[in-house]
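Hi everyone, thanks for coming. Let me put a structure up on the screen, and then I'll walk you through a few places in it.

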Amino acid sequence: MTVVVATAVALALGASACGGSSDDDGGSKSGKGGAGATDAALTSIVNKSSEKGGTLKLEMSDEPDSLDPGNTYYGWVQNFARLYGRSLTSFKPAAGKDGLEIVPDLAESLGKPSADAKTWTYTLKKGLKFEDGTPITSKDVKYAVERSNFAPEALSNGPTYFKAHLVGGDKYKGPYKDKNPDGIASIETPDDRTIVFKLKDAFADFDYLATFSQTAPVPAAKDKGADYVKNIVSSGPYKFESYEEGRGATLVRNDQWDPKTDPIRPALPDKVTIRFKVKQETVDSNLIADNITADGAGTGVAPATQPDVLTKPNLKKQTDNSYAGATSYIGLNVNVKPFDNVHCRKAVQWGIDKASVQAAQGGDPKGDVATTLLPPTVNGYTKFDLYESAGHKGDEAKAKEELKLCGHADGFDTKISARSDRPAEMAMVTAVQASLKKIGIKAEIKSYPAGKYFSNFAGNPSYVHSNKLGMIMSAWGADWPTGFGFLDQIINGSAIKPSGGNNVQELNDPKINKMLNEGIANTDDAARAKTWGEVDKAVAENASVVPLIYRKNLLLRPVSATNVTVTQAYLGMYDYVLMGSAK
């Protein structure tokens, strides 16, 4: 596993350390201002400070899928949730390559695997408490995993790794339906500090999986299912003072958090606020005016803001253009006609002018044209292009050949979905629509809010089928920086869910499923990495995923923000655990 991490680090830094500052301090040590230099936060901590106090102010253009650590799949929520939810392991809050190091969090050490990597054991630290003063036990961690993975009727947004890989995971009905108080047998809690996971097959990346907020402890007596988000019980340095669905939340210090058990979180601000449903252009103007600390979503400025921040020297030096370890793509749903026909899917692959899509979403500063699903910053990436065209502008002749083969020589009508509150995505989908029109494919754009995009619409198969959403705009970043951590939840048939799913094309290819499961069971690091490139190519041959852009986040830091650094572990956004405000 050390080799996997080292390789991922090298790739990430090779891709993202462009034009970085040579100033290791990245700005003022006092924390009283100093924006650093362009891209300084990619490899250093900008505006370092150890000063406590102030308010960390975040805004975002929509609302989260959920702030419940067990019911989320947005990368920014995984980042934000570390303020109030501690997982078994975590990524180290640090600049550059050090930010990809896995360190213990609730656990005393990283997991102890059995010789065959099918059993993983963690021991909790002493002195851990919830916000009400009750001790945190291994049973609270077990319950958190059970509710987050096995109760889709209440919590539909998170990943399905534990369900797919735990012994008996396919039969356990979850804590709300299963009447056995001991829960799933393959998670053992022999005492209050020990938790043991028993897996069907070897799982070499398990310490990465343990970083997920799904392992943040939840006291069963306080759980209210989907309504738990209204009264989350904190295990971190901050607790909720208030939460208003669709509007925002305020966090204050948790006096039961013991910093002696938590070297990861400096917990400098006294308060954290986040506002939802603020127009992206307004978020950007508030960053420029130094009224807030960061954009909560962490996906970069709006296309309308981009020219100013790139051409005005005082603003450009406050930008960090980070690779997000993410790919924007279109899922072609194989259960919506005519995309049940591989030739219709290949017609789209050949027909899209990716250069126009890149230009629409902001050009080079916002990302490179993608030819693979895996981005270059993720371990296992293999360079190839099965649908190569001059200048990435598409090939109309080959597209029309495929249309003939799929029985629609004159083209066809379909619908394509995108997120209404993401200006860059809406610009991209408009460019896709225009390029497909040239080959006779008429794609009607259907837009939906990001907060409910996967739970209610694009990730809800019944909605997708009944509304004939054949094409679904999506973007994905690695759950952790290996090929399996990127691919599994978006292409494995086991990840298809009644709602909140991310396998939006509903790909369920036995060959691909087998390659994924056998790959993660391989304890040879090099062989495992090689598998992910082979899986990526198999997906390209299936043609149900159209890679568009390897994403960059053109981030803007206000001059008063302190301890600013980009974390590749959370998709190239700022690390909210470290950040504060000098104001």
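Predicted model: local features only at pLDDT ≥ 70, side-chain atom pairs only at ≥ 80, totals over all residues.

Residues are numbered from 1 along each chain as its sequence is written, and side-chain values use heavy atoms, with hydrogens and water left out.

Let's begin with strand E9, residues 248-253. The names come from DSSP runs numbered from the N terminus: helices are H or I with at least four residues, strands are E with at least two. Is E9 enclosed or open? Of its 6 residues, 5 are buried, so E9 is largely enclosed by the rest of the structure. By buried I mean under 20% relative accessible area; exposed is over 50%, and partly exposed is in between, using a 1.4 Å probe and protein chains only.

Which strands pair with E9? One is E8, residues 238-244, antiparallel over 6 bridges; another is E10, residues 271-275, also antiparallel, over 5 bridges. Pairing here requires that DSSP finds at least two bridges between two strands. Tyr238 stands opposite Arg253 of E9, and Val252 faces Lys271 in E10. E8 and E9 make a hairpin with 3 residues between them, and Gly246 in that turn has a positive phi of about 80°.

Now the loops. Between helix H6 (280-288) and strand E11 (294-295) you'll find Asp290. Asp290 has a positive phi of about 65°, although it is not a glycine, and it is buried, with a relative accessible area of 12%. Lys468, in the loop between helix H14 (461-466) and strand E16 (471-477), also is not a glycine but has a positive phi, of about 55°. Lys468 is exposed, at 55% relative accessible area. Then there is Pro338, between strand E12 (319-332) and helix H9 (342-351): the peptide bond from Lys337 to Pro338 is cis, with omega near 5°.

Last, the cores. A nonpolar core is a set of buried Ala, Val, Leu, Ile, Met, Phe, Trp, Tyr and Cys residues joined through side-chain atoms within 4.5 Å. The largest has 141 residues, and those touching the most other members include Trp76, Phe197, Ile330 and Met471. Apart from it lies another core, of 9 residues, among them Val278 and Val309.
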